[in-house]
Amino acid sequence: MRQKFWAVLVAIFAGLLLPLVPAHATETPEGELAFSIEVPPQLTAQEVNKTVVMASMGRDWTIKEDSVGRVVIYLNHRNNEATVTYLISDKQIQAYCVGYRLYNQGTSSESKSPSQPKGWLGNLNRDITKGLQQAVYLKK
């Protein structure tokens, strides 16, 4: 009877903690592949991670997750919202985006339609690329 009790207790505890474990950095996130950037060989994954976070913050995106190999950002602006998930290694940055155009229907409810914020994504791509170039230069 005691063994059964402890087995059930462990199963419940594991079930409660499982959602708190972050997704593995190599799992493909939701959304479309928005862009990929090759990483200069002089930089480490940690330096690349910092560059991605700084570029995103510079464009007023909210950092939702910042872990080794994975950064998730969010922006809601001018009837558009998007979540970008970066998968980061010392070789490449891949950015996946889930974006929506928001429509207010005169009530408290809103409707959404899928829409990729191409301008926002282009800005992020340029800022990250520039940040990587600056990081390489500053390492000299």
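The model is predicted, with a chain average pLDDT of 86 and 77% of the residues scoring at least 70. Over residues 16-23 the pLDDT falls below 50, and beyond near neighbours in sequence this stretch has one contact in the model. Where pLDDT is low, the predicted coordinates should not be read in detail.

**Helix α3**
- Helix α3 spans residues 118-139, and its 22 residues reach 32 Å from the first C-alpha to the last, close to the 32 Å expected at 1.5 Å a residue.
- The buried residues of α3 are Trp-120, Leu-121, Leu-124, Ile-128, Gly-131, Leu-132, Ala-135 and Val-136; because they cover an arc of only 140° around the axis, they lie on the same side of α3.
- In general, an α-helix has 3.6 residues a turn, so residues three or four places apart point the same way.
- Turned away from the buried side of α3 is a face that carries the exposed residues Lys-118, Arg-126, Lys-130, Gln-133 and Tyr-137.
- The cover over the buried residues of α3 includes the strands β1 (32-38), β3 (70-77), β4 (80-88) and β5 (92-104), together with helix α2 (45-58).

**Helix α2**
- Helix α2 has 14 residues and reaches 20 Å between its first and last C-alpha, close to the 20 Å expected at 1.5 Å a residue.
- Its buried residues are Val-48, Asn-49, Thr-51, Val-52, Val-53, Ala-55 and Ser-56, and what covers these buried residues of α2 includes β2 (62-67), β3, β4, β5 and α3.

**The largest pocket**
- The largest pocket holds about 290 Å³ of space, and of the 14 residues that line it, Lys-50, Thr-51, Met-54, Gly-131 and Gln-134 are the closest to its centre.
- The elements that give two or more residues to this lining are α2 and α3, and α3 gives the most, with seven residues.

**Loop residues with positive phi**
- Asp-60 follows α2 and sits in the loop between α2 and β2; although it is not a glycine, Asp-60 has a positive phi of about 70°, and with a relative accessible area of 61% it is exposed.
- Arg-78 is found in the loop between β3 and β4 and, although not a glycine, has a positive phi of about 50°; at 69% relative accessibility, Arg-78 counts as exposed.

How values were computed. Residues are numbered from 1 along each chain as its sequence is written. This is a predicted model: local features need pLDDT of at least 70, side-chain atom pairs count only at pLDDT 80 or more; totals for chains, interfaces and linings use all residues. Side-chain values use heavy atoms; hydrogens and water are left out. Helices (H or I, at least four residues) and strands (E, at least two) are DSSP runs, numbered from the N terminus. The expected span of a helix is 1.5 Å times one less than its number of residues. Buried means under 20% relative accessible area, exposed over 50%, partly exposed in between (1.4 Å probe, protein chains only). The arc is that of the directions from the helix axis to the C-beta atoms. Contact means heavy atoms within 4.5 Å. pLDDT is the predictor's confidence in each residue, from 0 to 100. On a 1 Å grid over the protein atoms alone, a cavity is a set of points where a 1.4 Å probe fits but cannot get out, and a pocket is an open set with protein on both sides within 12 Å along at least five of seven lines; lining residues have an atom within 4 Å of a point. Grid points are joined across faces, edges and corners, and a volume is the space filled by probe spheres set on the points.
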